[in-house]
Amino acid sequence: MGSHFGAWENDHMLNVKDISAFYGETQALFGVSLDVGAGESVALLGANGAGKTTILRSILGLTPPRQGSIAFDGRDVTRVPTHEIAKAGVGWVPDDRRIFPSLKVQTNLNLGRKKTRFRSWHEKDCFELFSALEYLLDRDCENLSGGEMQMVAISRALLGSPGLILFDEPSQGLAPKLVQDVLNAIVQLKNEGVSVLVVEQNALAALEVTDRVYVLDKGQIIYAGASSNLLDDTALRRTLLGAAA
Ligand code: ATP
């Protein structure tokens, strides 16, 4: 066990307990608690500015919480540096993809390779998820479409052999057919035993591909339950998420 990590008694993949986070003096999260079980997929929904991205940033150690604690895979990672959290097996697909445009697809993928205690992912596993990826390896990333870019971002995260993968708005800016491909990938990841936490503006789509959901408003969790419940209960969904949901 690395020196940064303390013991933690819980069998969840991720335990976020009562965290508060700030940008300078501005408080973005007010005592947020949530869990993701091993092999579970969980949606995190809420209006713009509710604090969804801040929760992902806190888990990754990019915006460490001022109060509360975060445990991943049984270890306290609350004050652990981001690179150690990644090495422990937390994968990230950021909303801006963060692909290096001047490098080839292959090179971008290579940058993600890591061994963890979790199942190792190889390129051929990514080709099974995204059949087009194999034919893109020699392309410069600056010439990719939004959907191709997202494929590369997800595959790069998977080559890091994550136990938990964090998606920030994976369907943002994608054509409907590609949105479906990305959502199918989330279902397949769950089937492969990877835990998923996904932030999405597209609430219905996210509810369709996840087991459980948390709804966030003004930095607080206002609802937690089974995704199917919120999918079936249109009135409750609209109360929580607005008329468009
Ligand atoms: P969106 O869907 O718009 O990304 P979100 O739910 O992910 O929204 P966050 O980005 O986590 O929300 O923002 C939560 C709050 O923190 C907002 O009030 C936002 O204005 C504030 N905030 C976010 N980033 C910063 C920053 N770098 N500096 C100051 N305030 C910030």
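How far does a polar side-chain atom of K52 lie from an oxygen atom of the ligand? The distance is 2.8 Å. The points below set that contact in its surroundings.

1. **Basis.** This is a predicted model: local features need pLDDT of at least 70, side-chain atom pairs count only at pLDDT 80 or more, and totals for chains, interfaces and linings use all residues. Residues are numbered from 1 along each chain as its sequence is written, and side-chain values use heavy atoms, with hydrogens and water left out.

2. **Confidence.** pLDDT is the predictor's confidence in each residue, from 0 to 100. The chain averages 91, and 96% of the residues score at least 70. Over residues 1-10 the pLDDT is below 50. That stretch still has 25 contacts in the model beyond near neighbours in sequence (contact means heavy atoms within 4.5 Å). Where pLDDT is low, the predicted coordinates should not be read in detail.

3. **Polar contacts.** A polar contact is a pair of N or O atoms within 3.5 Å; within protein, one must be able to donate a hydrogen and the other to accept it, and residues adjacent in sequence count only if both atoms are side-chain atoms. A backbone N or O atom of G49 lies 2.7 Å from a ligand oxygen. For a polar backbone atom of T53, the distance to a ligand oxygen is 2.8 Å. The protein covers 58% of the 630 Å² of accessible area that the ligand has on its own (Shrake-Rupley method, 1.4 Å probe; for residues, only the protein chains shown count as cover).

4. **The sheet.** Helices (H or I, at least four residues) and strands (E, at least two) are DSSP runs, numbered from the N terminus. Two strands pair if DSSP finds at least two bridges between them. An open sheet has 6 strands in the order β7-β8-β9-β4-β10-β11, with mixed pairing. Its edge strands are β7 (90-93) and β11 (220-226). β7 runs parallel to β8 (164-168) over 4 bridges, and V93 is the bridge partner of F167.

5. **Helix on sheet.** Helix α1 (52-59) lies across β4, β8, β9 and β10, at about 150° to β8. Axes are lines fitted to C-alpha atoms, for helices over the stretch in contact, and angles run from 0 to 180 degrees between N-to-C directions.

6. **Hairpin.** β5 and β6 form a hairpin with 2 residues between them. In the turn, D73 has a positive phi of about 55°. A71 stands opposite D76 in β6.
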